[in-house]
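Here is a short note for a colleague opening this model. Please read the points in order.

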Amino acid sequence: MQGSTRDRKPNTCDYAMIRFSQVTVNYGYVPGALKDINLQLHKGDFTLLLGPTGSGKSTLLRLIYMDILPSAGLVTVDRWNSARISPRQINLLRRNIGVVFQDFRLIENMTVFDNVALPLVIEGYRRKYIRQVTQALLDEVNMLAAADQPASTLSLGEKQRVAIARAMAKDPLIVIADEPTGNLDREASQNVLNLLERFNRHGTSILMATHDYELIKETPYRRIYMENGEIRQPDSSINVGKERIIMMNRDV
Amino acid sequence: MKLRFVLRQTLNNLWRERTPATASVLTIGIALVILISLFEVSISLYRNLNDLKQNMVIEVYLEASRTENDAAGISAQLSDYGTIERIRVISKEAAAEIFEKEFGENIYDILKENPLPVMIEVRLQSEYNHPDYLALFKKQVEALPGVDEVHYRHVLVEKLESLTQAVLISGLAVLIVLVFAMNLLIRNTIKLSVYARRDQIAIMKILGAGNLFIRLPYILEGAFEGLFGGMMAAAGLILAHKFIADSFEAIRFSLSVYKMLWIVTISVGILIGFFVSAAAVGHFVQKIYAKK
């Protein structure tokens with residue numbers, strides 16, 4: 001079951017797996033963390049979410065796994081939508097989404113194996129199946145040799161590879177990566193990107209937020225630019241720290 | 001696999017928070033010893049008190065000059081009260097026999113005559129065996145012509161009654177303090193466990209873990225503390241019972257008493273730990289979500 005979907009062919013189709021319709025998010029008395037966002041993400045896409053710190057990238061990602069709900073508008077993820085979702089359904093939704101964070105969010109006192117196996121344990125799979133899938137994933141991210149080590153003993157690059165393996169454990173609809181290379185050096189960052197690209201080639205949708213423009217400048221993927229809680233039109237320019245990036249001419 | 005994971009988390013939590021957990025276990029143990037002892041002592045006191053009340057004999061002594069015929073007349077009057085269960089007239093001769101049985105000497109040998117008066121032994125219906133009615137009854141019967149004195153063991157009954165009450169009240173007071181302390185200590189252990197693992201809880205939420213899966217290790221942690229406290233209390237109580245049985249020949253406990261002690265003490269311990277921690281973990285996990 002897991003094996004068959006893991007080996008699926010790359011496919012980009014018209015079906016909008018994630019849809020944002022006029023989404024606005026206000027945090028307490030601070031309005032406009034996101035302003036009137038309209039966006040569609042398709043199955044099999046590799047999408048880059050770009051923009052400076054505080055531009056609303058993380059807020060947009062949190063809406064997808066319903067860590068927050070929109071103040072106005074509607075977020076639809078596969079068969080779930082933000083207007084009519086119960087806490088129990090949020091749990092189910094999250095089991096279908098893999099999330100990778102800048103700070104890895106591994107359980108440090110658990111072994112590498114247990115960290116990767118956790119989503120499968122939560123789902124209640126059998127032990128034999130969990131062992132099989134976890135070992136295959138650790139092999140894929142080149143971390144099998146460290147399976148029995150506590151996560152706390154790993155290097156930052158290794159931690160992120162383990163976090164990606166954990167995100168992939170349930171063969172998710174999409175992997176959301178929020179600045180996954182933010183704490184990593186150039187080589188480790190490239191490894192993480194390569195890993196995400198490899199999973200995307202096998203059919204997993206990826207949405208990666210980053211402001212590491214050097215890393216992604218040669219990639220052919222769709223780019224979404226954010227600034228001040230809004231999605232900028234293509235062809236406009238955006239100020240990112242010292243860099244001035246000229247937007248690539250791609251549809252939002 | 002899920003259960004194995006939850007159990008492993010539980011044992012990890014217990015080991016990690018072993019000092020506060022030990023304090024909880026000790027408090028649960030002491031509270032249970034007091035609770036069960038109080039229960040046993042109260043039951044035993046109430047049983048004795050009841051026996052005493054049920055078998056309370058009121059002795060109505062007639063004047064020395066009165067005969068058995070007079071006693072029959074007075075008995076008839078007493079029967080009209082409607083509160084009497086049984087009346088028995090004890091003649092002078094019967095009284096002398098009772099004297100000999102109780103004291104081992106013949107009253108005629110000592111005094112050359114029998115000064116014992118005719119006596120009427122009265123048992124009241126059980127619902128009238130309380131101190132107020134007994135006092136009224138004594139007063140009324142002593143006013144009857146031919147009655148010299150009325151005796152009953154009211155002092156003993158009253159003392160036993162006040163002792164039972166004192167034991168219950170002081171025991172309950174100690175118990176309330178201990179239950180309060182127990183609640184505080186278990187909550188504190190759970191709080192420490194939850195806060196130490198707040199990142200883990202947040203990660204598990206993002207991975208789609210349900211509330212029960214997240215909370216169960218902490219609830220079981222409390223139940224385990226209750227189990228260990230219960231085992232400690234049961235062991236202490238059984239040793240105390242054996243000591244009492246060895247020290248006083250008249251007191252014997254059957255095997256079923258020991259079995260019940262194990263079962264009841266441990267079950268009560270587990271239930272206390274389970275429910276206190278279940279209430280606490282909900283509270284603290286919600287606090288973590290709110291802070292996020």
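1. Helices (H or I, at least four residues) and strands (E, at least two) are DSSP runs numbered from the N terminus.

2. This is a predicted model, in which local features need pLDDT of at least 70 and side-chain atom pairs count only at pLDDT 80 or more, while totals for chains, interfaces and linings use all residues. Residues are numbered from 1 along each chain as its sequence is written, chains are lettered from A and ligands numbered from 1 in the order in which they are written, and side-chain values use heavy atoms, leaving out hydrogens and water.

3. The four strands of chain B make an open antiparallel sheet, ordered 2-3-1-4; two strands pair if DSSP finds at least two bridges between them. Strand 2 (84–90) and strand 4 (147–151) of chain B each have a single partner strand, so one side of each lacks a neighbour in the sheet.

4. Four bridges join strand 1 (residues 58–62) and strand 4 of chain B in the antiparallel sense. Val60(B) has Val150(B), in strand 4 of chain B, as its bridge partner.

5. The domain assignment, which is automatic or from a database, gives chain B domain 1 (2–51 + 158–291) and domain 2 (57–152).

6. Along its principal axes, the C-alpha trace of chain B spans about 100 × 40 × 30 Å.
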